[in-house]
Amino acid sequence: MPDPLALPVAGGWVVKYPWERLPLSMNDRLHPMAKAKKTAAVRKAAAVAFAGVPAQERVRVEMIWWVNTRHRRDAENCVATLKPWCDGLVDAGLVPDDTPEWMVKIMPEIRYAREVEAHVEFRVTYCVNRVS
């Protein structure tokens, strides 16, 4: 399966990954090399998705993990996947850095829908108010 690309939507882009489980979690107890490999893969996924998308002044990034079971999940654990994904946006040249001056990161959400196939969705939208 080819890597998903950023699909234009009103005010930005959406990228969906068929990840039933997050590639990285704050609860992971991985060997450092295994963690580095997964981190690099997530970062590359974002860079590939946004390759060729024009640079922006500032963006807002949202992560939604759609699940179809009611297992207990902690939204803070999603940050381990969000962080390298945002680094990948920088690698793609979308913004110069992932600091608040260039990027607003929204706390990840976990949404339940019984009929949905589990996946992770990233929404990147234009953000006109730049912090100095």
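**Before you start**

The model is predicted, so local features need pLDDT of at least 70 and side-chain atom pairs count only at pLDDT 80 or more, while totals for chains, interfaces and linings use all residues. Residues are numbered from 1 along each chain as its sequence is written, and side-chain values use heavy atoms, with hydrogens and water left out.

**Stop 1: the whole chain**

Show the chain as a cartoon. It has 2 helices and 6 strands. Helices (H or I, at least four residues) and strands (E, at least two) are DSSP runs, numbered from the N terminus. Follow the sequence and the pattern is β-β-α-β-α-β-β-β. The radius of gyration is 15 Å, close to the 14 Å that the globule rule gives for 132 residues, so the chain is as compact as a globular protein of that length. That radius is taken over C-alpha atoms, and the globule rule is 2.2 Å times the number of residues to the power 0.38.

Now switch to the C-alpha trace. Along its principal axes the trace spans about 40 × 35 × 30 Å.

**Stop 2: surface and contacts**

The accessible surface of the chain comes to about 8,000 Å². Carbon and sulfur atoms own 55% of that surface. Accessible areas come from the Shrake-Rupley method with a 1.4 Å probe; for residues, only the protein chains shown count as cover.

Next, colour by burial. Buried means under 20% relative accessible area, exposed over 50%, and partly exposed in between (1.4 Å probe, protein chains only). Of the 132 residues, 42% are buried.

Contacts come next: contact means heavy atoms within 4.5 Å. Take the contacts between residues at least 6 apart in sequence: 81% of them join residues at least 24 apart.

Lys and Arg count as positive and Asp and Glu as negative; His and the chain ends are not counted. Each charge is placed at NZ of Lys, CZ of Arg, CG of Asp or CD of Glu. The mean positions of the 19 positive and 16 negative charges are 4 Å apart.

**Stop 3: the aromatic cluster**

Select W13, Y17, W19, F50, W85, F122 and Y126. Ring pairs link these residues, W13, Y17, W19, F50, W85, F122 and Y126, into a cluster. Rings of Phe, Tyr and Trp (its six-membered ring) pair if their centres lie within 6.5 Å; planes under 30 degrees apart count as stacked, over 60 as edge-to-face and the rest as tilted. By this rule there are 7 aromatic pairs.

Zoom to Y17 and W19. Their pair is stacked, at 4.5 Å centre to centre with 10 degrees between the planes. Y17 is buried at 3% relative accessibility. W19 is buried too, at 19%.

Y17 and F122 form an edge-to-face pair: 5.9 Å centre to centre, 80 degrees between the planes. Y17 sits in strand β2 (residues 12-17) and F122 in strand β6 (residues 119-126), so the pair ties together parts that are 105 residues apart in sequence. Both Y17 and F122 are buried.

**Stop 4: T81**

Move to helix α2 (residues 79-91), where T81 is found. T81 is buried, with a relative accessible area of 0%. Leave aside neighbours within four places in sequence, and T81 is in contact with W19, L22, P23, L24, V42, M63 and F122.

**Stop 5**

Select E20, in the loop between β2 and α1 (32-49). E20 is exposed, at 59% relative accessibility. Its contacts, neighbours within four places in sequence aside, are W65 and A118.

Then pick E62 in strand β3 (residues 59-67). E62 counts as buried, at 17% relative accessibility. Beyond its neighbours within four places in sequence, E62 is in contact with I106, E121, F122 and R123.

**Stop 6**

Go to R43 in helix α1. R43 is partly exposed, at 33% relative accessible area. R43 touches P84, D87, G88 and D91, not counting residues up to four places away in sequence. R43 and L89 are 46 residues apart in sequence and 7.9 Å apart, C-alpha to C-alpha.

End at T125 in strand β6. T125 touches G11, G12, R58, V59 and R60, again not counting residues up to four places away in sequence. T125 and V104 are 21 residues apart in sequence and 9.7 Å apart in space, C-alpha to C-alpha.
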